[in-house]
Amino acid sequence: MNASPLTRVRNLGILAHVDAGKTTITERILYLTGSTHKRGEVHDGTTVTDFDSQERDRGITIFAAAVSCVWDGHRINLIDTPGHVDFADEVERSLRVLDGAIAVFDAVAGVEPQSESVWRQADRHGVPRIAFVNKLDRAGADLDAAVASIRERLRVTPLVVQMPIGEEEGFSGVVDLLRMRALVWAGGRNTKETFEEGPVPDTLRDEARRRRRLLEETVAELHPVALEEFCAESALSAGTLGAALRDLTRTGEGVVVLCGSAYRNRGIEPLLEAVVAYLPSPLDVPAVRGTLDGAVEERVADPAAPFASLAFKVNATPTGRLTYLRVYSGTIGKGDTVLDVGARRTERIGRILRVQADRHEDVDRAVAGDIVAVIGLKAARAGATLCLPSAPVLLEPPAVADRVVSVAVEARRTTDTDRLVSALARLVEEDPSLAVRTDPETGQTVLSGMGELHLEVAVEKIRRAQGLDVGVGRPEVSYRETVARGVSGLVYRHVKQDGGAGQFAHVVIDTEPLEAADDDGGGSAVGFAFRSTVVGGRVPQEYVRAVEAGCRDALAEGPLGGHPVTGVRVTLTDGATHSKDSSEMAFRTAGRLALREALRTGEMALLEPVVEVTVTVPDDAVGGVLGDLAARRGRVSGQASRAQRDGGPPGRRLGEGTAVITAVVPLAELFGYATRLRSRTQGRGTFTTRAIGYAPAPAPRR
């Protein structure tokens with residue numbers, strides 16, 4: 001691994017909506033590259049990357065799993081990411097350390113809600129992507145419809161480089177539009193044969209030429225070199241077209257689209273060739289940027305540069321604590337000492353492992369561009385920067401999303417309380433999107449996370465790993481409070497005299513709703529604005545800043561139920577100082593207490609988190625599902641029908657249609673919805689959710 005030049009390294013992830021085929025693609029890649037000698041299947045629970053017992057029981061990916069393989073002399077470090085919205089934070093941490101990604105789409109459903117969410121996450125990180133339209137062997141599969149949904153919903157330019165040979169059950173291969181050759185897989189799912197290459201079938205030749213021409217025209221519009229050749233020759237050579245596709249992929253101006261059926265082993269070899277041809281190496285991406293004493297510093301991907309890496313995942317195993325690292329620059333070996341910049345402590349590398357999901361292989365060193373796991377770090381958390389002690393730099397850690405669901409957890413036996421506390425601490429250490437706190441009023445231990453399934457998996461992990469009998473209370477969602485009607489001219493005078501220097505601060509404030517709050521649901525400073533209209537120097541500038549800091553302190557708890565406050569604008573209109581007793585502390589206290597009084601005096605409104613729910617059900621169950629959504633205070637925003645042809649899922653009648661319902665529903669009303677939906681649809685309905693923010697609640701909950 002370490003001998004591979006950086007140009008021959010690819011660090012990529014597989015992104016998709018749940019059940020689009022990410023894990024199956026990963027298994028086929030591992031098999032084709034010789035990393036495994038038997039194909040793993042999700043439904044059999046034999047996959048390499050879904051190795052956790054809960055993943056195999058539930059049939060979904062829960063934890064991001066890293067694997068490594070070699071294809072055509074290139075080292076491919078691959079991360080299989082979860083597709084369920086509750087585990088989006090795993091995707092976020094993975095994207096932070098990746099250079100490229102394969103976005104997988106279902107050929108029947110096209111772009112699904114979580115497909116769009118992970119695509120936007122990749123946009124934020126600037127990760128180049130290629131697309132793979134999977135499941136072309138399914139009834140109702142339509143490559144053109146899937147590509148149209150990519151263009152319309154993701155607002156990108158798809159560059160389709162293949163066309164399918166055969167439809168649905170008859171899908172047998174693809175036409176490579178760059179080389180104008182047919183690639184046909186003659187065998188079935190269990191065959192060991194690779195594809196056979198030949199001329200394009202006569203029946204598809206005209207359509208292949210038309211699609212090749214369309215690809216050339218699209219590329220020429222986006223790439224100046226290709227445009228010059230196209231204008232001169234009225235066509236593009238395969239070399240020019242390939243180079244242009246590589247450039248457009250790496251700049252994000254276009255997305256190369258391939259197709260196939262991973263389950264039937266069709267289309268994986270060309271996908272690997274596209275990974276090598278189009279996705280960037282560590283040398284092709286910008287140098288990682290960090291800070292050193294407040295100044296921005298770049299670290300290039302050079303094994304000879306000072307060592308710098310980012311820890312993006314921590315996993316406690318029976319054999320020790322594994323810390324997953326992306327090495328951005330330099331070289332690290334066994335026994336070396338590294339600096340945890342954030343914690344300001346040094347740690348020693350005990351072992352370095354090449355990761356293969358739950359299996360590991362010892363290596364002597366890791367160099368720039370590698371993704372490895374190390375043993376020996378005792379305190380480094382996910383997001384920590386580890387670097388050479390003599391050349392420190394602090395890299396930006398992955399962002400952690402707001403937790404929106406909470407449950408109360410307790411050990412059923414009082415003798416297990418200490419063990420539960422230890423298990424929860426280890427859980428939070430492994431998953432930064434979880435948080436544990438003790439409610440100061442009830443004394444309950446509260447576990448918060450990204451969704452109901454997220455918390456269910458976390459609690460079950462404690463039960464299985466620690467053998468604890470854990471009780472769980474009904475989940476609570478994270479509410480927010482906002483100003484519905486503000487107050488004007490509220491006067492607050494803070495005077496305190498208890499011997500020695502006293503405290504004096506006099507402030508006058510106005511509060512009003514922040515109509516244009518740039519609030520992303522975080523409920524903190526993003527939904528707060530402060531300004532001062534004080535004239536004549538009645539309140540010095542340093543005291544104005546102290547008043548603002550005090551107001552921000554007051555946002556932590558609102559008057560309705562102690563929830564965070566958002567969407568409020570505070571204006572400091574007047575004030576007064578004392579020559580001896582005024583201080584920043586006094587004005588900060590005055591600002592905090594003044595805003596608390598203003599919030600109690602004005603009219604407040606409670607906000608609750610809402611999610612967009614996409615429900616897929618048979619046509620005969622639409623009425624009951626719509627009624628149930630209405631009972632849960634849901635607002636239906638869209639409904640579409642999709643014809644179901646033969647060969648549908650087991651239990652589906654021939655010719656029966658499918659309806660896709662989109663609604664906005666309060667998160668508090670969705671607990672237990674999965675069970676209710678299965679009951680109403682005889683197990684045939686599915687749903688996904690996507691957090692979209694907060695909306696007014698019908699009544700305050702105290």
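Residues are classed by relative accessible area: buried means under 20%, exposed over 50%, and partly exposed in between, with a 1.4 Å probe and protein chains only. By this scale Asn265, at 10% relative accessibility, counts as buried. The model is predicted: local features need pLDDT of at least 70, side-chain atom pairs count only at pLDDT 80 or more, and totals for chains, interfaces and linings use all residues. Residues are numbered from 1 along each chain as its sequence is written, and side-chain values use heavy atoms, with hydrogens and water left out.

The protein chain holds 15 helices and 38 strands. Both are DSSP runs numbered from the N terminus (helices H or I, at least four residues; strands E, at least two). Of the 702 residues in the chain, 55% are buried. Contact means heavy atoms within 4.5 Å. Among contacts with a separation of 6 or more, 72% join residues 24 or more positions apart. The accessible surface of the chain is about 30400 Å², and carbon and sulfur atoms hold 48% of that surface. Areas come from the Shrake-Rupley method with a 1.4 Å probe; for residues, only the protein chains shown count as cover.

Two helix pairs were examined. Two packed helices are described by the angle between their axes and the distance between the axes. Axes are lines fitted to C-alpha atoms, for helices over the stretch in contact, and angles run from 0 to 180 degrees between N-to-C directions. Helix α12 (residues 541–554) packs on helix α13 (residues 584–601) at about 40°, with the axes 7 Å apart. The pair is therefore oblique. Angles under 35 degrees count as roughly parallel, over 145 as roughly antiparallel, 65 to 115 as roughly perpendicular, and the rest as oblique. The crossing of α12 and α13 is right-handed. A crossing is right-handed if the near helix is turned clockwise from the far one by less than a right angle, and left-handed if anticlockwise. From α12, the contact is made by Glu542, Tyr543, Ala546, Val547, Ala549, Gly550, Cys551, Asp553 and Ala554. From α13, Glu584, Phe587, Arg588, Gly591, Arg592, Leu595 and Arg596 take part. These residues divide into eight nonpolar, two polar and six charged. Here Ala, Val, Leu, Ile, Met, Phe, Trp, Tyr, Cys and Pro count as nonpolar, Asp, Glu, Lys and Arg as charged, and the others, Gly among them, as polar.

The axes of helix α10 (residues 417–430) and helix α11 (residues 452–466) come within 11 Å and cross at roughly 120°. This pair is also oblique, and its crossing is right-handed. Helix α10 contributes Arg419, Leu420, Ala423, Leu424, Arg426, Leu427 and Glu430 to the contact, and α11 contributes Ala458, Lys461, Ile462 and Gln466. Six of these residues are nonpolar, one is polar and four are charged.

Helix α3 (residues 88–95) is mostly covered, with eight of its eight residues buried. Charged residues are among them, including Asp89, Glu90, Glu92 and Arg93.

Most residues other than glycine have a negative phi. Asn265, in the loop between β11 (255–259) and α9 (268–278), has a positive phi of about 65°. Glu168 has a positive phi of about 50°. Glu168 lies between β7 (162–165) and β8 (173–176) and is buried, at 15% relative accessibility. Ala235 sits in the loop between α7 (224–233) and α8 (238–251). Ala235 is partly exposed, at 29%. Beyond its neighbours within four places in sequence, Ala235 contacts Arg213, Glu216, Glu229 and Phe230. Its C-alpha atom lies 9.4 Å from that of Ala220, 15 residues apart along the chain.
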